[in-house]
Amino acid sequence: MKKLTLYLVFIFACFAGNALAQRPTQNIDPEKLQAARIAFITSRIDLKPEQAERFWPVFNKYTEQRESTMKSMSELNRGMESISEEEAKSRIQKRLQLQQKMLDDEKAFTAEISKVISAKQVLMLNNIARDFNRHIYQRQRGPNN
């Protein structure tokens with residue numbers, strides 16, 4: 001079992017090297033990026049194969065929900081220069097509702113994922129996901145930046 005885990009991490013790491021070696025002017029292959037993310041998170045929180053089978057569907061669903069909510073929040077910022085005071089108040093309320101939705105989604109995710117991984121792994125997960133994004137950003141900037 002441990003050999004299988006190491007083998008999977010090695011395969012994903014190979015894909016990660018290719019995905020992360022891209023320059024900012026080049027497009028990143030979404031499949032390679034996803035493989036790199038899987039390898040990064042799997043190795044950092046030490047997911048066992050049986051955990052990974054249950055972890056990734058829950059994590060991916062939560063990530064999609066979060067991205068959708070963030071996109072909705074971003075859309076509230078469009079055209080702010082030409083809106084009325086009432087529209088501004090309405091947008092503030094919508095933003096607060098979306099922030100509450102994100103918190104509710106995170107609570108539900110934490111409850112669901114805690115059935116799959118340990119509390120320590122859950123705590124580590126938030127920092128690891130952030131570290132991965134930071135790592136990708138730094139790789140995109142290139143070695144001279």
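Start by selecting Phe109: at 8% relative accessibility, this residue counts as buried (buried means under 20% relative accessible area, exposed over 50%, partly exposed in between, with a 1.4 Å probe and protein chains only). Before you go on, note that this is a predicted model, where local features need pLDDT of at least 70, side-chain atom pairs count only at pLDDT 80 or more, and totals for chains, interfaces and linings use all residues. Residues are numbered from 1 along each chain as its sequence is written, and side-chain values use heavy atoms, with hydrogens and water left out.

**Zoom out for a moment**

Show the whole thing as a cartoon. You'll see 5 helices and 0 strands, running α-α-α-α-α from the N terminus on. Helices (H or I, at least four residues) and strands (E, at least two) are DSSP runs, numbered from the N terminus. Of the 145 residues, 30% count as buried.

**Back to Phe109, with its partner**

Rings of Phe, Tyr and Trp (its six-membered ring) pair if their centres lie within 6.5 Å; planes under 30 degrees apart count as stacked, over 60 as edge-to-face and the rest as tilted. Tyr62 belongs to helix α3 (residues 49-75) and Phe109 to helix α4 (residues 85-113), so the pair ties together parts that are 47 residues apart in sequence.

Searching the whole structure turns up 6 aromatic pairs. Pick Phe55 and Trp56 next: their ring centres are 4.8 Å apart with the planes at 85°, so here you're looking at an edge-to-face pair. Phe55 is buried, at a relative accessible area of 0%, and Trp56 counts as buried too, at 10%. Now select Phe55, Trp56, Phe59, Tyr62 and Phe109 together; ring pairs link them into a cluster.

**The helix pair behind it**

Colour α3 and α4. They pack at an angle of about 175°, with their axes 10 Å apart (axes are lines fitted to C-alpha atoms, for helices over the stretch in contact, and angles run from 0 to 180 degrees between N-to-C directions). That makes α3 roughly antiparallel to α4, a label for angles over 145 degrees; under 35 is roughly parallel, 65 to 115 roughly perpendicular and the rest oblique. On the α3 side, the contact includes Phe55, Phe59 and Tyr62; on the α4 side, Leu98, Met102 and Phe109 are among the residues involved. Contact here means heavy atoms within 4.5 Å. The residues of this contact divide into 10 nonpolar, 4 polar and 6 charged. Ala, Val, Leu, Ile, Met, Phe, Trp, Tyr, Cys and Pro count as nonpolar, Asp, Glu, Lys and Arg as charged, and the others, Gly among them, as polar.

**Into the core**

Which residues have the most contacts inside the largest nonpolar core? Select Ile41, Ile45, Phe55, Trp56, Ile113 and Ile117, out of 21 residues in that core. A nonpolar core is a set of buried Ala, Val, Leu, Ile, Met, Phe, Trp, Tyr and Cys residues joined through side-chain atoms within 4.5 Å. At least two residues come from each of α2 (30-44), α3, α4 and α5 (119-141), and α3 gives the largest share, 6 residues. Centre on Phe55 again: leaving aside residues up to four places away in sequence, Phe55 touches Ile41, Ile45, Leu47, Ile113, Val116, Ile117 and Leu125.

**Last stop: a loop**

Finish at Asp46, in the loop between α2 and α3. Asp46 isn't a glycine, yet has a positive phi of about 55°. Asp46 is partly exposed, with a relative accessible area of 44%.
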